[in-house]
Amino acid sequence: MSLVNVSNLVAGYGNNAPILQNVDMTLQQGQIGVIVGPNGAGKSTLLKSIFGLLNIHSGEITHNDKSIIHLRADQLVQQGLAFVPQEFNVFESMSVEENLEMGAFIRSDDLSDSIDKVYGYFPPLKEKRNQPAGELSGGQRQMVAMGRALMSNPSLLLLDEPTAGLSPLFMEKIFERIIAVNKSGVTVLMVEQHARQALAIADMGFVLVTGQNAFTDTGQALLQDDDVARSFLGG
Amino acid sequence: MNEIIFFINKVLISGAAIGSVYAMGAIGVTLIFGILRFAHFAHGDMMTLGAFFAFALTVMFPQAGQAIGLPTGFVMLPVAMLLTAIIAVLLDKTFYLPLRNNNVSPVVMVMASIGVTLMLQGLIRLFGGIEARYFFFAERKDIFRIALPFEDASRKIVITEPQILLFLFTLFSVFAIHYILNKTKFGKAMRAVSDNPDLARVSGINIQKVTIVTWLIAGSLAAAAGTLLSLDVSLKPDLSFNLLLPIFAAAIVGGVGHPYGAIVGGYVVGFAETLSIFNWAIFLRPFRDSLPEWFELSSNLALVPTEYKITVPFFILVVILIWRPTGLFKGKVI
């Protein structure tokens, strides 16, 4: 069954002209979905709309067949969604472990198992657990940000350009961790600039162009599609 | 020796007392700024309000303190703190929340808080009158005179019971604030909201609850500072007016949004005030005979006349803003 479903979505910032024009998207439980497209296509806008951060003009977004468009962020976290923004995605003045605790604000049970699990995914964080997150490198910050999001035990993890600004080596590592997280049963939906690498690990790919669906198919099919390659992936 | 005792009484004890009051006020101002991003000008009046609650309770139950040997005003403090904390939450719900929901700019919030200041001042005068009031109308204020074991020390160190209570209470609040911010879920969430409000929201932190906790802490500290200061001197309806500027100076000196900075800032401003109104001529008097003839020792060598002591926090504020605009502890730039 579809975990998240977006239909006929028209959304944008404030009451300005909407950026997304009738976008559709469906992701099944346990899949990795990747949203790619040129700059300004509305990729991040789509992700933020799902997490209730933008003004939705019309259309519907459902999670587990329930509409989520009128929920506040903390209610969405309660519903099992978690969002990692592209920038400013850690609490810089707080330690790594405190960042993780903040991701679990909605929970009132014991967190130690979940924290150990996050350190299992991202071993470098364990030795930096008491260091302020603002002192970490870009790649480690991304790990803290993803770890923080995982602390609420989400069923759907939304990642906005998780590899932006990282070296190719680190990008590989982050993708590898995303696959590991996905294998543990978390559905992942992410926006990516590194389209080829991202589509290679994607179950579903969504190519957006100027706020509309251009191509939707499995990751592999999109990579082999000549139209997609010519118009978007650069040959 | 007497000169040193005079210095201890006038500068150290007085400075520590007023510094403690500033520190407790500045913690509230800095927490509110950190969470809600606006300078809360009505903070001074929340102090006056808290002191009036404590005074009203003292009038109602004048015997309460004698039972346990503490000033009645101090015994009533927890109730006054609770009442003021509730009022603070209600003020937020009534005046500030609707504005926040409309995403107004911080300047509008500041203006609204000035409006709340005027309203509170009016209400306090309406119900409390304008005269100065003394907490010790039915009981005696204990004043401790400590003699030092030196032969030439004829003066004594003077410290009042309210001052001792003020020091102890400030110490307790500092540890309590430290504990709350570093060990409790809501305290950590307060730091998270202060650090990055957007990320706090997407993390699922309930901003409304964090806001309420912030007002409860700020309101109760304001009531405590106002009451403890009034116990030591007197309760006047314009108490807040003289406290507001030093408190903001303390918050900015320490680095806005930085609770530990606010504590340090409070004492910096407090001691700076007492140091600058201290009559330094006293230290020169013993050497009067050996001073050069052209130097005529005047009777008062204070840096600032007492009536102008309010200029001291202004001066500190200007120096800090030029020398280190984010404050001693690198707070937020306003």
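How many bridges join strand S6 of chain A to strand S7 of chain A, and do the two run parallel or antiparallel? In this predicted model, 4 bridges link S6(A) with S7(A), and the pair runs parallel. Strand S6 covers residues 81-84 of chain A, while strand S7 spans residues 156-160 of chain A.

A closer look at S6(A) shows how its side chains are arranged. Leu81(A) and Phe83(A) point one way from the strand, whereas Ala82(A) and Val84(A) point the other way. Whichever way they point, all four of these residues are buried. Across the pairing, the residue that stands opposite Phe83(A) is Leu158(A), which belongs to S7(A).

Attention now turns to the place where the two chains meet. Chain A brings 21 residues to the contact, and chain B brings 14 residues. On the side of chain B that touches chain A, helix H8 (185-195) and helix H9 (197-202) each supply at least two residues. H8(B) provides the largest share of that side, with 5 residues.

Finally, a word on confidence. The model as a whole scores a pTM of 0.90 and an ipTM of 0.92. For chain B, pLDDT averages 90, and 99% of the residues score at least 70. Among the elements of chain B, the highest mean pLDDT, 97, belongs to helix H5 (residues 77-101). The lowest mean among those elements, 82, is found in helix H13 (residues 281-284) of chain B.

Definitions and conventions. Residues numbered from 1 in each chain as written. Chains lettered and ligands numbered in written order. Predicted model: local features only at pLDDT ≥ 70, side-chain atom pairs only at ≥ 80, totals over all residues. Contact = placed C-beta atoms within 7 Å. Buried ≥ 20, exposed ≤ 12 C-beta atoms within 10 Å, placed from the backbone. Pairing = 2+ DSSP bridges. pLDDT = per-residue confidence, 0-100.
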